[in-house]
Number of protein chains: 2
Amino acid sequence: MAVSPQRPLVAFLLLLVYCSSCGFSIPDPRQREALMRLEASMQTGGQVVLTDAEQRLDALLFKMKQEEMKGRDFPPAMHFFKARHLINKSPIFSLLQRMPKGGALHVHDLAMVSVEWLVKNVTYRPNCYMCFTDNRSLRFLFSSSWPKDLPHCSAWNLLENLRAKEVNTTDLDDSIMGNLTLFTHQDPESMYPTQDVVWDRFEQAFLAVMGLVRYAPVFRDYYYEGLTQFYMDNVMYLELRALLPEIYELDGSTHDTTWALKTYVEVTRQFKAEHPDFFGTRIIYTVHRGLDLSVMVGVVEEAMKLQRDFPGIMAGFDLVGREDSGRPLWYFREALSLPVEKGVTLPFFFHAGETDLEGTDVDQNLLDALLLNTSRIGHGFALVRHPVAKEMSRKKGVAVEVCPISNQVLKLVKDLRNHPAAALMSENHPMVISSDDPAMFGASGLSHDFYEAFVGFGGTSSHVGSLKQLAMNSIWYSSLNPKQQEDALALWQRRWDKFVSEIVHNGENGGKL
Amino acid sequence: MAVSPQRPLVAFLLLLVYCSSCGFSIPDPRQREALMRLEASMQTGGQVVLTDAEQRLDALLFKMKQEEMKGRDFPPAMHFFKARHLINKSPIFSLLQRMPKGGALHVHDLAMVSVEWLVKNVTYRPNCYMCFTDNRSLRFLFSSSWPKDLPHCSAWNLLENLRAKEVNTTDLDDSIMGNLTLFTHQDPESMYPTQDVVWDRFEQAFLAVMGLVRYAPVFRDYYYEGLTQFYMDNVMYLELRALLPEIYELDGSTHDTTWALKTYVEVTRQFKAEHPDFFGTRIIYTVHRGLDLSVMVGVVEEAMKLQRDFPGIMAGFDLVGREDSGRPLWYFREALSLPVEKGVTLPFFFHAGETDLEGTDVDQNLLDALLLNTSRIGHGFALVRHPVAKEMSRKKGVAVEVCPISNQVLKLVKDLRNHPAAALMSENHPMVISSDDPAMFGASGLSHDFYEAFVGFGGTSSHVGSLKQLAMNSIWYSSLNPKQQEDALALWQRRWDKFVSEIVHNGENGGKL
């Protein structure tokens with residue numbers, strides 16, 4: 001039921017309300033009011049009809065926003081690492097945490113669980129080895145015997161032994177934690193002065209996490225914990241971009257891609273059984289865009305097979321890694337055309353336009369993603385500079401997955417009020433809000449990103465209708481089939497109504513929201 | 001001859017080249033090529049037909065751009081104060097300096113001349129007094145007798161005496177210079193941490209300059225020097241936003257608004273006589289938006305009178321000062337409706353949307369400027385977040401005066417690739433490039449801002465056609481009448497053709513461009 005946003009009568013109204021040949025006239029307050037209403041109706045959620053309770057919630061929210069904008073330190077204008085403690089104290093943020101946000105459609109497998117859990121739970125498990133790479137990153141391995149040295153890494157240390165030597169293990173744990181995330185209490189601008197520096201640290205952190213999560217028992221628990229954290233953040237559905245990496249056991253034996261996928265199926269089933277108001281997860285199989293074309297052909301063939309064998313959980317396929325330094329989609333066109341050539345279904349969910357290198361080959365990814373019939377666009381940061389791609393995305397109802405905090409931390413934009421999605425939101429461009437790699441950025445499931453979008457993109461213009469539509473968009477633009485979307489929407493609606501009535505009841509009675 | 005940009009056949013071509021119901025198909029390279037060409041044709045200058053010589057210039061420029069984008073430090077991504085020495089070394093910048101850029105349509109009277117000239121020439125004139133304000137700014141006055149103390153300022157010092165006491169006057173001169181501009185060799189981010197701080201320093205610098213420039217002999221020379229500096233930067237026409245302040249003589253006697261305007265007329269005439277390829281100046285009379293409504297009524301009446309009495313030089317009227325802390329246009333609607341009510345012509349050139357306070361009263365200035373029939377929009381930074389105002393500006397051919405360096409220094413945007421005008425330029429929205437207050441930012445006439453727009457907004461997408469159209473836009477969207485526009489365009493075209501042939505000749509012969 002992916003619906004493309006409506007612009008009913010906009011052109012007609014514009015013609016009606018002003019006229020370029022009318023010449024000079026005194027501005028009419030009613031005409032002004034009509035144009036302001038027209039503009040308000042064009043934004044995301046601008047045509048959502050609010051119930052009485054929702055209108056009362058909106059009045060509360062409007063007051064909260066005005067307070068928020070008064071402050072000297074406006075969180076969306078600041079780097080998230082510096083703003084987080086302010087956001088965490090914001091009443092709007094508390095409200096967004098409680099709000100049923102629908103689905104998270106752009107989240108990566110290895111960055112869905114807070115690093116506290118990885119350190120405090122996973123690295124305390126037995127047989128956990130760690131080594132220090134030449135470039136100050138960490139690698140991990142679980143093994144029943146002392147493992148062989150890795151290139152460019154120190155000798156392995158058994159973490160149990162390392163910790164036994166320390167009087168106080170807090171510093172060691174903090175140092176490990178700092179290595180698994182970009183989040184820092186230091187000044188992020190000096191710590192990550194350029195895109196190259198921040199992307200290098202970002203990729204190193206993934207490699208560090210990988211050794212922990214690829215261990216079979218952890219793989220299962222990590223995913224379960226991820227579902228828990230998103231569920232606690234009131235996210236009811238996930239489309240997870242997953243590398244489906246080779247999973248290993250303590251004796252060094254390994255499992256193939258299918259094993260990883262089956263594990264996702266099983267754990268999701270278990271989680272849903274325990275949490276009936278969680279709707280589920282679907283998997284977007286991802287590989288790194290650094291591959292050769294010939295290798296990519298094999299991977300796409302594997303993806304088609306997985307899509308055929310696991311149609312329930314498989315949503316489709318995508319490429320990951322930094323666009324600026326990776327190969328453009330057009331380089332892979334032969335591989336990516338295979339499904340169509342063979343008449344096989346393999347939906348695409350391409351990252352595209354996560355760049356500011358305008359006019360380069362990489363910058364064509366947006367158009368190419370659309371020509372390759374992508375179902376959504378990951379990031380689409382550059383979309384506003386590509387009017388043809390933008391129009392295609394709008395007309396075809398190909399939603400942009402906007403990840404504000406990720407774009408800021410990876411240095412595409414500093415002040416989130418200048419995020420191009422602010423313009424997209426002002427004209428109800430198909431979009432969803434997601435968090436990309438919340439663990440890497442020290443963010444929660446979706447709430448921090450919703451905060452940035454709601455407060456930063458919209459100023460006081462966006463309202464409860466915007467929030468409602470963003471949540472509903474995450475179901476409409478999901479890969480779920482129409483019947484599933486209907487069920488998911490019904491489930492979401494029940495939770496939403498409950499949320500609205502609780503907040504309004506507490507808010508109007510002067511109680512804690 | 002203000003022409004609104006064309007979008008010929010775009011909708012039709014889009015329909016022709018892709019079709020949302022076609023379903024899946026293998027991307028066709030010809031179709032892709034057609035869409036890329038379509039997108040390229042939609043940008044500013046995308047439909048300019050290049051001569052053979054221009055095409056050869058374009059080939060040179062494209063190579064230069066690719067070199068520029070390879071560098072580790074990409075100037076448009078940096079604060080202009082840190083990037084200036086890099087830009088000054090850039091071959092693209094040298095080329096833009098030599099390029100006939102047409103007119104500068106958004107420049108303020110008190111910030112058109114480099115502060116070096118003010119210090120080295122003006123403050124060395126006899127009878128120049130200076131005092132130090134409580135908030136570390138300076139005030140100046142020329143006087144034949146020792147002047148009375150100002151409130152919140154130290155006792156007056158005769159600059160001759162101050163300098164006589166110094167062994168080396170360089171430090172004193174540097175310190176004065178630093179006070180008259182925002183430009184600094186220190187870290188601009190720490191020096192100006194917030195919009196409030198930078199705007200306060202900005203306004204103080206204007207007050208300091210004011211005392212020097214309001215002195216009758218300096219007023220005349222300052223404007224002549226300003227014309228010289230813009231002329232040397234290959235700008236052939238100016239629309240100057242002028243406060244027309246009370247001008248004083250050495251004995252304390254003063255001249256009225258008319259005197260200032262007449263002086264502009266005379267000096268312009270003299271300058272044109274000496275520089276026949278300079279086209280002229282027109283004045284946009286400006287007052288501060290901090291006024292009361294009743295005072296504004298009087299000012300608008302005065303403006304109508306000036307417009308009637310000096311139709312040759314008077315272009316129209318505008319309000320200045322920080323929008324965020326000033327009164328919104330709607331507050332002044334009674335005063336600003338006077339000309340229409342009385343059937344008197346007074347074109348408006350309103351600053352609007354120089355803000356990131358989305359959804360506030362100030363944020364309505366864009367719509368109100370358009371409803372008040374503004375001829376152009378000063379800045380329009382917030383326009384992309386206002387789809388109705390944006391469409392009206394496009395349909396009515398109301399150009400946005402984009403001042404990239406000003407918006408960066410005044411902290412609306414950090415990385416100029418994210419300037420909203422990049423999106424506007426990708427769809428050929430009516431716009432011109434200007435420099436606002438070049439002396440305050442340490443910028444040249446127009447060339448530094450043209451550099452930021454050409455390299456920063458466009459990446460490698462923009463080309464010699466974009467430059468050509470931006471220059472021609474500055475004539476099309478000027479306040480000149482059709483006959484004058486025709487003459488100005490003919491003059492510009494001669495200079496442009498000469499420029500192109502010289503550059504191509506030198507460039508292709510491996511010589512210095």
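Which residues does Asp363(A) touch, not counting residues up to four places away in sequence? They are Thr355(A), Leu357(A), Glu358(A), Ala382(A) and His386(A), where touching, or contact, means heavy atoms within 4.5 Å. This is a predicted model, in which local features need pLDDT of at least 70 and side-chain atom pairs count only at pLDDT 80 or more, while totals for chains, interfaces and linings use all residues. Residues are numbered from 1 along each chain as its sequence is written, chains are lettered from A and ligands numbered from 1 in the order in which they are written, and side-chain values use heavy atoms, with hydrogens and water left out.

**Asp363(A)**

- Asp363(A) sits in the loop between strand 10 (351-352) and helix 15 (365-371) of chain A; helices (H or I, at least four residues) and strands (E, at least two) are DSSP runs, numbered from the N terminus.
- Asp363(A) is buried but has no salt bridge. Buried means under 20% relative accessible area, exposed over 50%, and partly exposed in between (1.4 Å probe, protein chains only).
- A salt bridge is a side-chain nitrogen of Lys or Arg within 4 Å of a carboxyl oxygen of Asp or Glu.
- The nearest side chain of opposite charge to Asp363(A) is that of Arg385(A), 5.8 Å away; Lys and Arg count as positive and Asp and Glu as negative, and His and the chain ends are not counted.
- A polar atom of the Asp363(A) side chain lies 2.8 Å from the backbone nitrogen of Gly359(A).

**Interface of chain B and chain A**

- Chain B and chain A each bring 62 residues to the contact.
- About 5,500 Å² is buried between the two chains, and carbon and sulfur atoms give 60% of this area. Buried area is the accessible area (1.4 Å probe) that two parts lose on being put together, summed over both.
- Six salt bridges are counted between chain B and chain A.
- One salt bridge pairs the side chains of Arg32(B) and Asp368(A), at 2.5 Å from N to O.
- On the side of chain B that touches chain A, at least two residues each come from helix 2 (29-42), helix 10 (195-213), helix 15 (338-341), helix 16 (365-371), helix 17 and helix 19 (420-426) of chain B.
- Helix 2 of chain B gives the most to that side, with eight residues.

**Asp356(B)**

- Asp356(B) is in the loop between strand 10 (351-352) and helix 16 of chain B, and is buried, with a relative accessible area of 3%.
- The side chains of Asp356(B) and Gln195(B) are joined by a polar contact of 3.1 Å.
- Not counting residues up to four places away in sequence, Asp356(B) touches Asp415(A) and Arg417(A) in chain A, and Gln195(B), Arg385(B), Lys411(B) and Leu412(B) in chain B.

**Helix 17 of chain B**

- Helix 17 (residues 387-396) is largely enclosed by the rest of the structure, because seven of its 10 residues are buried.
- The buried residues are Pro387(B), Val388(B), Ala389(B), Lys390(B), Met392(B), Ser393(B) and Arg394(B).
- Gly397(B) follows the helix and has a positive phi, near 65 degrees.

**Salt bridges**

- Over all chains, the count comes to 64 salt bridges.
- Asp221(B) forms a salt bridge with Arg125(B), with the closest N and O atoms 2.8 Å apart.
- This pair links distant parts of the chain, 96 residues apart: Asp221(B) in helix 11 (residues 216-232) and Arg125(B) in the loop between helix 6 and strand 2 of chain B.
- Asp221(B) is partly exposed at 28% relative accessible area, whereas Arg125(B) counts as buried at 18%.
- Lys498(B) and Glu502(B) meet in a salt bridge of 3.3 Å, N to O; both lie in helix 23 (residues 482-508) of chain B, four residues apart, about one turn of the helix.
- In chain A, a network of salt bridges links Glu239(A), Arg241(A), Asp318(A), Arg376(A) and Glu401(A).

Conventions
A polar contact is a pair of N or O atoms within 3.5 Å; within protein, one must be able to donate a hydrogen and the other to accept it, and residues adjacent in sequence count only if both atoms are side-chain atoms.
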